[in-house]
Number of protein chains: 2
Amino acid sequence: MHHSDILIIGGGPAAMVTAGTARQYYPNKSVTVLKKGKDSMVPCGIPYVFGPLLESVEDDMIPCGDMAAKMGTELIVEEAVGIDFEKKRVAGKSGESYGYEKLIIATGSVPKIPRQIANHDAPGVFFVPKDPDYIRKMHAEMAGMKKIVVVGTGFIGIEIANEFQDSGKEVTLVGSRLLKHSFDPEVSSYMEKIVENKGIVHYKNQRTCEIVLDERGHACGVKFEDGEVVACDGVVLATGYRPNTDLARKSGLSMRQGDTIYVDEYMRTTQPDVFAIGDCAEKRHFITKRTIPVMLASTATAEARIAVANLYSINLVKSFSGTIAIFSTVIGDTCFGSAGITEEDARKQRIDITTTVVTVPDKHPAKLPNSHEQAVKLIASRATGQLIGAQVVGGIDIGEMINMLGTIIENRMTVFDLLGLQVATHPLLTSAPTTYPIIVAAQNIAARTLGA
Amino acid sequence: MHHSDILIIGGGPAAMVTAGTARQYYPNKSVTVLKKGKDSMVPCGIPYVFGPLLESVEDDMIPCGDMAAKMGTELIVEEAVGIDFEKKRVAGKSGESYGYEKLIIATGSVPKIPRQIANHDAPGVFFVPKDPDYIRKMHAEMAGMKKIVVVGTGFIGIEIANEFQDSGKEVTLVGSRLLKHSFDPEVSSYMEKIVENKGIVHYKNQRTCEIVLDERGHACGVKFEDGEVVACDGVVLATGYRPNTDLARKSGLSMRQGDTIYVDEYMRTTQPDVFAIGDCAEKRHFITKRTIPVMLASTATAEARIAVANLYSINLVKSFSGTIAIFSTVIGDTCFGSAGITEEDARKQRIDITTTVVTVPDKHPAKLPNSHEQAVKLIASRATGQLIGAQVVGGIDIGEMINMLGTIIENRMTVFDLLGLQVATHPLLTSAPTTYPIIVAAQNIAARTLGA
């Protein structure tokens with residue numbers, strides 16, 4: 001039997017961060033990663049292998065082997081098929097078994113199969129798993145296709161549609177309003193204009209019920225519930241992911257809503273010495289405290305760092321107070337970010353909120369070249385002024401601006417705190433100090449309570 | 001006698017934010033701005049009127065008149081020459097006097113005159129005041145000059161040197177290491193390489209003792225203490241600013257170190273109903289609590305918002321706990337940000353610190369086009385892990401990344417808090433979730449205490 005002090009099941013970003021962090025904090029402990037396949041992909045980079053930005057699938061690989069070697073971690077290509085929590089060992093498909101002192105489950109997520117769509121498994125229909133062999137084959141098969149239908153208007157659907165369009169294909173996008181879980185309707189409308197200006201045809205509020213097949217049995221169209229058919233050469237079903245928890249469930253771990261593994265704030269499961277992190281572990285929302293299906297590499301790696309810090313004793317007593325659901329993306333040349341709760345979602349959950357939107361140029365004076373419009377929407381608790389959600393639209397600096405807003409939300413700052421927030425402003429880098437939109441937005445909300 | 005409820009002396013960003021915020025919070029109060037000159041410039045935009053990015057000085061104006069009209073504020077062009085705190089009135093140079101209920105002094109700063117440099121007031125020698133008439137004249141006179149010497153290696157000196165060089169002039173920059181108050185030596189060295197690669201000649205550690213004059217009495221060179229002379233057509237003395245507090249001092253306000261007006265955490269001076277904000281008001285450092293000469297429009301506007309919120313009663317009890325000295329700039333195509341205390345300064349002040357530097361690509365996978373190297377230096381209290389300083393180098397998103405770090409410093413977050421920080425990562429916008437440099441740097445420091 002193989003034994004290691006710290007055993008990790010998985011091979012994605014959370015698993016690799018766990019391995020590296022474990023080696024850093026506990027240099028005397030042996031660390032082993034059990035990984036189903038040989039390679040791993042940078043998950044959020046997958047849409048970009050289908051566009052002009054990356055030359056091949058190989059440009060989007062995580063060099064797990066090199067990383068493991070550099071970290072002094074053992075990496076074994078092996079599928080875990082069972083866990084015996086009593087004996088503290090994991091059974092491998094090869095017949096080998098792997099003993100552990102501490103076990104971290106980071107098995108990630110896999111595409112959700114939309115069984116309601118007939119012929120979803122036909123040739124010419126693709127999902128977007130984080131599986132390099134699958135993506136290589138998909139990439140090769142789709143290279144010659146001219147007309148593509150992408151079903152799904154979440155991040156992966158929109159990004160992959162954008163990349164196919166940029167590489168000269170005719171793209172049709174099918175689904176409800178764009179990124180509806182992360183952005184409010186007015187932001188989705190703005191995204192829709194960009195998508196349409198790019199020439200992507202967007203079918204809103206159409207439900208796909210069938211993949212139409214040609215005489216070879218290959219996908220040649222997509223049929224909606226109202227009978228309309230859009231002809232195409234290939235279909236991408238970007239219809240979401242489900243936690244990859246078959247192993248955990250059949251091994252008897254306690255599960256939660258959405259088929260996730262139960263974890264406490266230190267990422268501990270109900271079994272002693274067993275932790276779960278990333279897409280396979282339960283996520284609670286920072287604001288609503290409800291279980292939500294947020295699957296993000298950045299959240300997963302945050303959980304990895306917390307799990308490892310608390311592996312042998314609880315070192316981070318404050319620890320994880322839930323996911324703030326923080327996202328960013330690019331559509332056309334415009335960047336979008338969201339953190340916390342949307343206005344729509346807050347109202348649905350009967351949270352008493354107040355909101356504002358501020359739009360300014362992202363350079364100052366605005367006459368400077370390459371100035372871009374920057375919009376910030378803040379959502380705050382009406383009674384306390386605590387910031388609970390933010391959405392931003394603008395240029396490339398939106399990527400870090402949403403992280404600043406995430407930091408504000410995680411610190412439970414109020415709009416009153418933000419009035420005195422000190423920011424660096426620079427003509428070429430930010431809006432003016434007088435108009436810095438996060439602060440002006442906070443002031444608009446504060447003015448509803450202050451003075452008058 | 002003229003009377004207004006809220007009277008503001010000044011015309012820069014802090015004065016305008018004060019006026020706008022006062023109108024927003026107290027719509028029933030009359031607001032008047034006493035402004036020495038008719039126009040105002042965007043202060044940090046001034047260097048850019050000398051380069052290819054802005055077409056003329058007029059592109060860098062703050063439309064104070066339009067703004068005041070829009071806000072419902074009275075704007076009077078008048079120089080304040082005295083304040084009678086007993087009678088609550090300000091004397092104007094025109095002979096008019098201006099009564100007030102609340103007075104806010106926002107008189108800003110003016111160039112420091114380096115009296116140790118002989119002939120510093122000769123024709124062909126320029127300062128960089130925030131005075132549109134001066135800048136217009138300087139711009140016209142310098143347009144035809146080929147060889148320029150810029151004395152001073154703070155933000156204005158470096159930025160103006162960069163702009164002159166970009167508009168085809170031969171530029172010599174004189175002063176100590178670049179931006180030494182905001183960045184540590186290794187960052188200055190990196191900046192120096194960029195400056196030299198651009199073709200700017202940089203005289204380090206040379207002290208200018210004299211402006212050499214031609215037979216007309218016009219500047220034709222700069223002479224150093226060791227006797228070396230650099231010939232030129234014109235000289236810019238970017239040798240710092242001093243608070244513009246002559247009015248406050250002669251009116252009898254209590255002053256502090258560096259000739260600044262004493263203010264408490266609510267921006268109140270020692271006189272009832274009199275506030276001071278911006279460059280003319282004392283700044284205490286968030287970390288060291290000492291008085292420091294930070295002069296920033298963003299700090300000034302933060303103080304403006306705090307002063308107005310507390311004008312009639314203390315509404316923001318938490319209020320201002322000192323400046324974090326947060327800056328950003330661009331040299332060549334590389335962006336730099338700093339917040340909090342530098343390592344050099346912390347060691348000088350005997351703060352027990354620990355530091356780390358992490359360098360990563362700012363996109364992921366790194367094969368994506370336009371990927372830029374991004375470096376983050378963190379400075380933390382060794383005992384508690386509290387983040388007290390940060391310096392960042394990279395692409396355009398550095399502008400908001402330093403604001404995120406400023407938010408972290410203002411919230412007194414520790415490196416342990418940062419381990420679980422949730423950030424949005426996206427291939428085209430940020431580094432990878434596994435390598436996000438703020439978190440990896442925090443982990444490097446945390447690892448010195450955790451585990452092992």
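Contact here means heavy atoms within 4.5 Å. By that rule, the contact between the two chains takes 83 residues from chain B and 83 residues from chain A. The model is a predicted one.

Start with the interface. The size of an interface is often given as the accessible area lost when the parts come together. Chain B and chain A bury about 7100 Å² between them. Of that area, 63% lies on carbon and sulfur atoms. Polar links cross the boundary too. Between chain B and chain A, 34 residue pairs are in polar contact, both residues at pLDDT 80 or more. Which parts of chain B supply at least two residues each to the side that touches chain A? They are helices H1 (13-25), H7 (297-309), H9 (398-410), H10 (415-419) and H11 (437-446), along with strand S22 (327-331). H9(B) gives the largest share of that side, nine residues. By type, the side of chain B that touches chain A divides into 47 nonpolar, 25 polar and eleven charged residues.

Now turn to charge. Side chains of opposite charge can pair when their charged atoms come close. Over all chains, the whole structure holds 56 salt bridges. Two salt bridges are found across the interface of chain B and chain A. The side chains of B:Asp59 and A:Lys367 meet in a salt bridge, at 3.4 Å from N to O.

Other pairs sit within one chain. In chain A, the side chains of A:Glu282 and A:Arg256 form a salt bridge of 3.6 Å, N to O. A:Glu282 lies in the loop between strand S21 (274-276) and helix H7 (297-309), and A:Arg256 lies in strand S19 (residues 255-256), so the pair ties together parts 26 residues apart in sequence. A:Glu282 is buried, at 3% relative accessible area. A:Arg256 is partly exposed, at 36%.

Chain B has a pair of its own. B:Glu343 forms a salt bridge with B:Lys377, with the closest N and O atoms 2.7 Å apart. B:Glu343 is in helix H8 (residues 343-348) and B:Lys377 in strand S25 (residues 373-381), so-called distant parts of the chain, 34 residues apart. Are these residues buried or exposed? B:Glu343 counts as buried at 18% relative accessibility. B:Lys377 counts as buried at 4%. Back in chain A, salt bridges that share partners join A:Lys38, A:Asp39, A:Glu58, A:Asp133 and A:Arg136 into one network.

End at B:His2, in strand S1 (residues 2-9) of chain B. B:His2 counts as buried because its relative accessibility is 15%, and buried means under 20%.

Notes:
Residues are numbered from 1 along each chain as its sequence is written. Chains are lettered from A and ligands numbered from 1 in the order in which they are written. This is a predicted model: local features need pLDDT of at least 70, side-chain atom pairs count only at pLDDT 80 or more; totals for chains, interfaces and linings use all residues. Side-chain values use heavy atoms; hydrogens and water are left out. Helices (H or I, at least four residues) and strands (E, at least two) are DSSP runs, numbered from the N terminus. Buried means under 20% relative accessible area, exposed over 50%, partly exposed in between (1.4 Å probe, protein chains only). Buried area is the accessible area (1.4 Å probe) that two parts lose on being put together, summed over both. A salt bridge is a side-chain nitrogen of Lys or Arg within 4 Å of a carboxyl oxygen of Asp or Glu. A polar contact is a pair of N or O atoms within 3.5 Å; within protein, one must be able to donate a hydrogen and the other to accept it, and residues adjacent in sequence count only if both atoms are side-chain atoms. Ala, Val, Leu, Ile, Met, Phe, Trp, Tyr, Cys and Pro count as nonpolar, Asp, Glu, Lys and Arg as charged, and the others, Gly among them, as polar.
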